[in-house]
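The text below walks through one structure, starting from a single position and widening to the whole chain. Please keep the sequence and the 3D view open while reading.

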Amino acid sequence: MNAFYNPEGVGDTLLISLNDIPREEIAFERYGDVVKIFHKDTKETAGYNIFNASSYLSIEESGAIALSESFVQDVNEILVRNGLKDELTVDLSPKFVVGYVEEKEKHPNADKLSVCKVNVGSETLQIVCGAPNVEAGQKVVVAKVGAVMPSGMIIKDAELRGVASSGMICSAKELNLPDAPKEKGILVLDDGRKAGEAFTF
């Protein structure tokens, strides 16, 4: 689940995104101030647009909204007040974490890509990485699936040149860190960091 609010660009509308559904397969239903967006055949929910959001919530952020239990509870109450029986649940675990690159192999179909096995504490992810400086044994910053980058891009499961990739190994520039180097390359952390711990910036 991702939430966005940009009153200057979009108006007083809270956008809730749950699943990617191709535009041509989307249907809509309106319930008061809420528009439910879903797959027209499977009925899988893609998200919600909540109009007049400021009459329900006090939102100080602009852009991606940091999710919390109280925020999700507030959204669920808005859905109920507008006649929906839907209930949202959300994974509140950190989406930017320290990862340990256990293995690095050359991508079979692309000279400039590497296939990495990255331990993020609770699991080991396969991530395709194009950075020239990625190596086994490094501690790095991983944006897990569901993370919203400072640019607004949402990290999703992907397939790059035929190889599955779950997450992204980040550069300082992609994280919008101050004094990020101009040359290409991932951010390498000091070895004292623990795989799986949250990375804040």
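Predicted model: local features only at pLDDT ≥ 70, side-chain atom pairs only at ≥ 80, totals over all residues.

Leaving aside residues up to four places away in sequence, Gly11 touches Tyr5 and Asn6.

Is Gly11 buried, partly exposed or exposed? Its relative accessible area is 21%. Buried would require a value under 20%, and exposed a value over 50%, so Gly11 counts as partly exposed.

Gly11 and Ala143 are separated by 132 residues in sequence, and their C-alpha atoms are 29 Å apart in space. Strand E10 covers residues 139-143, and its pairing is the next stop.

Which strand does E10 join, and in what sense? E10 runs antiparallel to strand E7 (residues 96-106), and five bridges connect the two. E7 also pairs with strand E8 (residues 114-119), again in the antiparallel sense, this time over six bridges. Tyr100 can be followed into both pairings. Its bridge partner in E10 is Lys139, while its bridge partner in E8 is Asn119.

UniProt, in an unreviewed entry, places the feature "domain: TRNA-binding" at residues 90-200. In the model, the span of residues 90-200 is 36% strand and 0% helix.

The view can now be widened to the whole protein chain. How many helices and strands does the protein chain have? Its secondary structure comes to one helix and 14 strands. Of the contacts between residues at least 6 apart in sequence, 55% join residues at least 24 apart.

Of the 201 residues in the protein chain, 38% count as buried. The chain exposes about 11500 Å², with carbon and sulfur atoms supplying 47% of that area. There are 21 positive and 31 negative side chains, and the centres of these two sets lie 5 Å apart.

Key:
Residues numbered from 1 in each chain as written. Heavy atoms only, no water. Pairing = 2+ DSSP bridges. Helix = DSSP H or I, 4+ residues; strand = E, 2+ residues; numbered from the N terminus. Buried < 20%, exposed > 50% of the residue type's maximum accessible area, 1.4 Å probe, protein only. Contact = heavy atoms within 4.5 Å. Areas by Shrake-Rupley, 256 points an atom, 1.4 Å probe, with all protein chains shown as cover. Lys, Arg positive; Asp, Glu negative; His and termini not counted. Charge placed at Lys NZ, Arg CZ, Asp CG, Glu CD. UniProt positions renumbered as here; feature names shortened; annotations may be inferred.
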